[in-house]
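Student: Please walk me through reading a few features of a model, beginning with the sheet.

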Amino acid sequence: MSVKSIIAARWVIPVQPRQQVLENHALVIENGRITDILPTKDIRSKYPDTPVTEHNTHALIPGFINAHTHAAMSLFRGMADDVPLMDWLNNHIWPAETKWVGQEFVRDGVELAIAEMLLGGTTCFNDMYFFPNIVAHIAQEMGIRAFVGLIVMDFPTSWADSPDAYFDKGLHVHDEVRSLSRIGTTLAPHAPYTVSDAPLEQVRTYADELNIPIQMHVHETRNEVSDAVAQNGARPLARLHALGLLNPRMMAVHMTQLTDDEIALCAEQGISIVHCPESNLKLASGQCRVADLLAAGANVCLGTDSAASNNDLDMLGEMQTAALLAKVTAQNAQALPAWQALEMATINGALALNCQDQVGSLCIGKSADFIAIDLDHISTQPVYDPVSQIVYSASREQITDVWVEGIQRVKHKQLVNIDIEHLLQTARMWGERLSTS
């Protein structure tokens with residue numbers, strides 16, 4: 001049965017077309033999709049019998065797309081702070097994963113992460129972690145859209161013990177989750193320093209056959225690049241290019257170490273760059289040259305990375321940090337204006353994941369994945385430009401309502417049909433277990 005609803009707001013910011021702000025407009029939702037966008041004054045004449053929900057102090061914007069995270073690692077939040085990346089990985093995270101990561105850990109960590117993301121306006125996330133089958137099913141149950149990474153590494157983990165096993169299990173997951181309406185998959189080789197050439201060639205082949213994206217940590221730190229040059233005489237990006245992996249399927253995560261020629265190469269090959277500014281800052285990994293990449297024509301989107309290295313999954317905060325950091329990096333106050341930061345958090349992520357026909361902007365025919373953010377707040381008044389206020393002034397606590405496929409998942413700042421007290425108890429239990437180990 002067709003169910004129609006209308007959500008009216010002070011502002012509707014569709015993202016596409018660019019820089020458009022519709023004042024006193026409404027979205028018409030039917031069967032989970034946007035079927036009309038019209039001025040509020042015209043609602044009653046066109047839809048006299050349809051109920052209208054009014055958000056008179058709010059802006060409606062597309063749901064955020066967190067283009068890179070490791071959701072289950074929320075249970076490691078704050079466990080190993082204030083250390084550099086390789087120390088963080090080798091001496092803290094990888095040993096903890098070896099001891100603790102299994103199906104129960106992933107289930108509980110993902111539930112915690114999804115609750116945080118929904119409350120913060122994220123309606124789609126792209127994950128890279130072990131047990132992607134569990135991630136997929138929990139995301140489907142909790143009502144969020146997700147892409148799960150079919151992870152590949154050279155060394156054994158709790159998920160698989162060899163490259164062949166990673167591929168076998170990953171392909172099984174790909175087939176298993178095809179029936180889940182909100183779930184997609186990506187190939188997820190971890191990094192150039194953890195995956196050798198032969199598995200990377202298999203990644204390229206499978207990505208082409210399955211028509212799915214590839215996500216990979218690339219050029220995350222200066223040491224990663226210098227170590228690669230010392231070991232095989234080539235920078236990681238050059239090696240990936242030689243292996244045929246630099247194409248529109250590739251999502252290169254972090255990319256803090258780029259030359260002018262590499263920026264031009266990214267644009268030429270059509271790859272997407274996933275910028276994780278707060279994680280990069282916290283681990284002192286470096287600064288991505290976002291303004292130069294965008295000027296060259298590359299697609300740049302936003303990710304939080306994990307709550308273990310960020311330490312939150314707040315895409316609204318990530319937008320603000322990205323916009324400010326881009327100006328310092330480029331030494332140009334005009335670099336990455338607010339409207340472009342909003343694109344990075346929405347439609348650019350959809351482009352990277354090849355789901356731009358479904359999500360990422362508020363357009364007729366697209367899925368009704370959107371959020372309402374209240375700008376009638378002491379920190380966001382007066383409003384001269386709602387996009388600027390959202391990016392530079394607002395906090396995630398001002399996000400009051402979230403819809404995915406037209407179904408309300410957050411209502412009046414409360415999760416719908418999710419037991420938050422149970423999630424908190426479970427998180428506390430894991431904290432006690434890990435701190436006493």
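The dialogue below takes up strands, cysteines and one phenylalanine.

Tutor: This is a predicted model, where local features need pLDDT of at least 70, side-chain atom pairs count only at pLDDT 80 or more, and totals for chains, interfaces and linings use all residues. Residues are numbered from 1 along each chain as its sequence is written, and side-chain values use heavy atoms, with hydrogens and water left out.

Student: In what order do the eight strands of the open sheet run?

Tutor: Strands are DSSP runs (E, at least two residues), numbered from the N terminus, and two of them pair if DSSP finds at least two bridges between them. Here the order is β3-β2-β1-β4-β13-β14-β15-β16, with mixed pairing.

Student: How many disulfides does the structure hold?

Tutor: A disulfide is a pair of cysteine sulfur atoms within 2.5 Å. The structure holds zero. For C276, the nearest cysteine sulfur belongs to C301, 8.5 Å away. C276 counts as buried (under 20% relative accessible area; exposed is over 50%, partly exposed in between; 1.4 Å probe, protein chains only), because its relative accessibility is 0%.

Student: Where is F147 placed, and which residues does F147 touch?

Tutor: F147 is in strand β7 (residues 145-152). Contact means heavy atoms within 4.5 Å. Not counting residues up to four places away in sequence, F147 touches several residues, including C124, G184, L353 and C355. F147 is buried, at 11% relative accessibility.

Note on methods
Helices (H or I, at least four residues) and strands (E, at least two) are DSSP runs, numbered from the N terminus.
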